[in-house]
Amino acid sequence: MKRKINIQLLGIATLAIVITLLLTVAICYQLFINQVVDDLRIQAHVICRMAYSEDLVRELAETPVNIEQDGLRVTLISEQGEVLYDTGENEKLMSNHSDRPEVKEALAQGEGWEVRKSATRDKNTFYYAMKTEGGEVLRVSQEAGSILRIFTAALPSIGIIMLFIFAVCAIITHMLTNSLLRPIKDVTAHLENQEDIVTYEELQPLIDTIQKQNASLLASVKIRQDFTANVSHELKTPLTSISGYAELIENGMVADGEDITRFAKEIHKNANRLLTLINDIIRLSELDSDETEEVFEKINLYDIVETCVSMLQLNAEKHHVEISMNGEAAYVYSTRQMMEELVFNLCDNAIRYNKENGKVEATVWNRSGKVILTVKDDGIGIPREHQDRIFERFYRVDKGRSKSTGGTGLGLAIVKHILSKHNAKLEMESEAGRGTQIRILF
Ligand code: ADP
């Protein structure tokens, strides 16, 4: 970027230098031409004066004056265009000059000038012609070669000046680029502590985005680390139990058949717990990864709730809880598996965190273009301070109760994931000791 800005600025500087130079040369050339013509005019007038006061024109013809040394040529032309006298050439050999523009102009208006290639000498020449009192035309001319020579002589100085300007531009460009890029460099260097950065207004949105991304990246790294630690811890407890009971049996520490049945039951329970945990962890990581492409289809949520409720009937009876359902056919775009997981997790929680003779009601309705699923219980409720956190992985209000009822602490995390895949909204109303109502709007 620095190189690019440098090159572009230098390019602009070079272009500016060249254009300035060309314009200067053009203006100087024009001024020079004017100056030469002015000089020629003065010289012509002087010669004319001298010639007429002292009758010198004829004399000049007889005794050629060496004016040519100054690059000046004088020609006297009759009214008819015949060359009477020329300081440089033999006038006898010169053609009629009445067709020369400066001569024509001089005859018509008293004076005239032109720059053109001389027919006699084949060189670019300045001509100035004036009409004398005697009616003849006095023409003074100078070859343009002398002008070119001046420019050639000036070239080295022009070159040096150009180089000097270029060098100054290069230094300024370098400094400018550095000061332009400094805020950007600062941003890169101090991205973490955003208050310290003074930068361009235009960069602020980018900085904000990067900082936001950084923060969420850090958060997700932290969540992952916590998750790994939690998973290890959660897996360790049942495994330790299994290992302990197995060791007791192995060492023959079991007195009778009743004990062995009890120990086997414990091993079985803990192994099941491990399986449930692992299943939930696998499911979460599946929902986490974007690679698993689920094919969404039109699904009747009412059917799903019906199946879940009848599946959980036995479980509810065990907890002395009454589970029922209500509503109408309502269709959502999803997968059967995800909808079953959603309804199952919500209803299962409503049963497990309920009271003796408590009630659970699941309903499905269509309301103003939305499908609304509600799971309501009159169980133990969730204290306000925990309500925001229960969707976190492994977060439980009462760890003992969750574990004793077969909870993994991952159910609501899975629910949250499923909802985010459907852009569905969750509303929760809960009061400790009175019950919980969770409403999901598709
Ligand atoms: P768990 O497997 O422990 O039930 P969840 O993720 O399903 O894990 O729920 C997290 C926590 O939220 C539970 O441990 C429980 O404390 C609380 N909770 C969830 N649903 C209810 C409910 N219907 N009534 C009261 N507490 C609930």
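K298 lies over the face of Y331, at 5.0 Å from the ring centre. A charge counts as sitting over a ring if NZ of Lys or CZ of Arg is within 6 Å of the ring centre and within 35 degrees of the ring normal. R393 does this too, with its charged end over the ring of F227, 4.8 Å from the centre.

A quick word on the model: it is predicted, so local features need pLDDT of at least 70 and side-chain atom pairs count only at pLDDT 80 or more, while totals for chains, interfaces and linings use all residues. Residues are numbered from 1 along each chain as its sequence is written, and side-chain values use heavy atoms, with hydrogens and water left out.

On to rings that meet other rings. A search of the whole structure turns up two aromatic pairs. Rings of Phe, Tyr and Trp (its six-membered ring) pair if their centres lie within 6.5 Å; planes under 30 degrees apart count as stacked, over 60 as edge-to-face and the rest as tilted. F227 and F394 have ring centres 5.6 Å apart and planes at 25°, so this pair is stacked. It links distant parts of the chain, 167 residues apart: F227 belongs to helix α5 (residues 204–250), and F394 to the loop between α9 (384–387) and α10 (399–404). Helices here are DSSP runs (H or I, at least four residues), numbered from the N terminus. Both F227 and F394 are buried, where buried means under 20% relative accessible area, exposed over 50%, and partly exposed in between (1.4 Å probe, protein chains only).

The rings of Y245 and F263 have centres 5.2 Å apart and planes at 45°, so they make a tilted pair. Y245 is partly exposed, at 22% relative accessible area, whereas F263 is buried, at 8%.

Then there is the ligand. Around it are 19 residues, of which Y353, S402, T408, G409 and L412 come nearest; a residue is near if one of its heavy atoms lies within 4 Å. Polar contacts are pairs of N or O atoms within 3.5 Å. A ligand oxygen is 2.6 Å from an N or O atom in the side chain of S402, and one is 2.7 Å from a polar backbone atom of L412. The protein covers 97% of the 530 Å² of accessible area that the ligand has on its own (Shrake-Rupley method, 1.4 Å probe). Helix α8 gives the largest share of the shell, three residues.

Notes. Polar contact = N/O pair within 3.5 Å; in protein donor to acceptor, adjacent residues only side chain to side chain. Helix = DSSP H or I, 4+ residues; strand = E, 2+ residues; numbered from the N terminus.
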